[in-house]
Amino acid sequence: MIKIFKGEMTKAEREQLPSFLLGKDLFREVEAYVRENRVPDETCFSVVDQRGKILFCVVYLEDLIAGIKRKDLSDYDDRLRHNREELDFTLIDQYQKFVFLEVDAYSVAAARLILECRPEKTVVFGDRRARYFMAGKRVKYLRFPHDAGQYMQKTEDWMRGSGSSGLADRVRAFAGWKILGRLKEKGTCCVVKADRRNHPDEGECVYNSQNVMYSLLWKKNERSLGEKNADKKIIILDYPCDDEGLGSIAKCAFAHIMWMTKSGYIPVMNLAAYPNQYLNREGENMWEYFFEPVSAVSAADAYESRHVTLAVENDMSWCDFHINPYQRNYMKTFANAEKFRQTVRINRETKNHIEEKMPRELREGKRVLGIVARGTDFRKSAAIKTNKTWRQDVVEIDPFIKACEHYKEKHRYDYIFLATEDQEFFDKFQAYFGEELLSVSQNRVSYDYDNKEFKPVKELLASEDGKKLGRDYLSVVWSLTECKALLYNVECGAVRLAWWWKQDKYEIFQCIGSGWKGEVDE
């Protein structure tokens with residue numbers, strides 16, 4: 001993607017950059033140059049007028065979603081121009097007005113498409129440099145000295161709980177948040193800058209330009225594989241799951257399933273051909289190791305059906321929620337529990353495994369406090385090595401144990417059920433709580449991140465029997481659903497799954513932060 005460069009650069013530095021003559025097809029020309037010359041990420045170019053005067057600079061950014069390079073938008077310009085019958089206008093048709101706060105290749109292309117295909121809609125830009133690309137188009141511009149994106153950035157940072165704590169910035173951020181609420185009421189879509197992180201959700205009226213582009217272009221290919229189910233549109237979710245844990249896989253699959261069902265497709269899970277840490281043999285459907293099929297159409301029948309879309313042929317992946325606007329409603333961490341329970345259902349073989357492993361005290365209905373103590377690659381020493389600053393704020397194990405004792409005694413729980421993959425954490429809990437500690441036998445590991453190179457938990461917990469690995473994990477999660485309350489140090493997959501699958505509410509459901517000193521907010 002090409003976007004206007006907002007960083008600092010001296011005049012001498014700008015003059016040293018490769019230059020392009022300003023024109024309405026500027027972005028297309030720069031993209032062609034990038035492809036032909038294999039230009040590295042974050043390369044800048046200057047844009048000049050007919051007299052050679054530098055007007056502004058643009059920068060090339062690879063589409064990185066969750067750290068994975070995405071190429072599914074690389075042909076966006078050709079498809080918007082020549083394959084409009086295949087576009088999905090569902091998102092576009094939800095709004096009457098579109099306010100683009102930034103100028104980049106995707107925002108300009110989307111604005112042009114809206115004005116050509118939906119001329120009754122209004123397009124507004126918050127950066128007046130958009131006029132270079134929208135000449136002759138019916139476009140309005142906000143009255144800001146340069147662009148409005150900087151103001152939205154303050155609002156986004158404030159909503160994330162980060163950014164400047166100065167009073168002036170907090171006031172601006174709050175004002176931006178209130179404006180977003182008004183925009184939603186008036187049927188306005190606010191399109192913010194395209195970057196490499198999810199922006200905070202505000203009432204389903206804020207997207208970035210990647211979101212808008214993906215909403216239009218997500219579907220590329222449909223195939224006919226046979227004559228079965230001739231009256232049905234089927235989508236086979238067959239993507240690789242990379243290094244993701246079972247909790248993340250289930251969450252992302254749920255979002256895909258709900259979106260596709262709402263769009264009139266019949267989803268079929270078939271995690272059989274591509275690598276994941278649970279697949280024992282290629283050709284086996286890893287999803288059905290653990291869960292029931294998600295529709296009445298079997299995987300075998302899906303591959304003999306007339307109208308079939310394959311996720312891998314349409315560049316879909318488990319991490320689509322970072323870019324796919326249709327999945328946002330279903331990715332909210334603690335929402336949609338009833339729909340999740342109806343969709344992601346444990347199969348009979350896994351239930352039998354769980355029943356054999358679950359502690360007797362949980363089956364008898366004792367008052368048990370559930371604890372999720374995520375360790376290994378979430379330890380502070382591991383976070384420092386990987387420069388993941390947010391992980392450095394995870395509570396240390398000793399104060400976490402003290403917090404667990406505080407809750408156990410205050411609310412009179414009989415036992416603690418501990419879920420952890422970290423052997424040292426387990427040993428410390430065992431020494432502290434003794435016979436009052438319950439657990440499920442599972443693979444646990446110790447690793448010295450202080451003195452050894454970083455290793456992700458997937459490598460540490462690697463197993464030759466992925467089916468058993470996954471079922472042991474689900475035994476832990478299901479045991480957590482039988483607990484009366486749940487404390488955790490990290491909002492991980494086990495925590496989310498336990499919350500979604502639990503039939504009633506937890507008496508206490510709380511993350512213990514790094515600042516816990518003995519006084520707890522309840």
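The lining of the largest cavity in this predicted model comprises six nonpolar, two polar and one charged residues. The residues concerned are Val268, Met269, Glu288, Pro293, Val294, Ser295, Val297, Ser298 and Ala299. Glu288 is the charged member of this group, and Ser295 and Ser298 are the polar ones. Across the whole structure, the search returned three cavities of 30 Å³ or more.

A four-stranded open sheet was also identified, with strand order E1-E4-E3-E2 and mixed pairing. Strand E1 (2-4) and strand E2 (19-21) form its edges, each pairing on one side only. From one strand to the next, the twist averages 35°. E2 and strand E3 (residues 44-48) run parallel and are joined by three bridges. Within the sheet, Phe20 lies opposite Val47 of E3. Helix H2 (residues 26-37) is packed on the sheet, where it touches E1, E2, E3 and strand E4 (54-60). The direction of helix H2 makes an angle of about 145° with that of E2.

Arg496 is classed as buried because its relative accessibility is 14%, under the 20% cut-off. When neighbours within four places in sequence are set aside, the contacts of Arg496 are with Lys251, Thr333, Phe334 and Glu491.

How values were computed: Residues are numbered from 1 along each chain as its sequence is written. This is a predicted model: local features need pLDDT of at least 70, side-chain atom pairs count only at pLDDT 80 or more; totals for chains, interfaces and linings use all residues. Side-chain values use heavy atoms; hydrogens and water are left out. On a 1 Å grid over the protein atoms alone, a cavity is a set of points where a 1.4 Å probe fits but cannot get out, and a pocket is an open set with protein on both sides within 12 Å along at least five of seven lines; lining residues have an atom within 4 Å of a point. Grid points are joined across faces, edges and corners, and a volume is the space filled by probe spheres set on the points. Buried means under 20% relative accessible area, exposed over 50%, partly exposed in between (1.4 Å probe, protein chains only). Contact means heavy atoms within 4.5 Å. Two strands pair if DSSP finds at least two bridges between them. Helices (H or I, at least four residues) and strands (E, at least two) are DSSP runs, numbered from the N terminus. Axes are lines fitted to C-alpha atoms, for helices over the stretch in contact, and angles run from 0 to 180 degrees between N-to-C directions.
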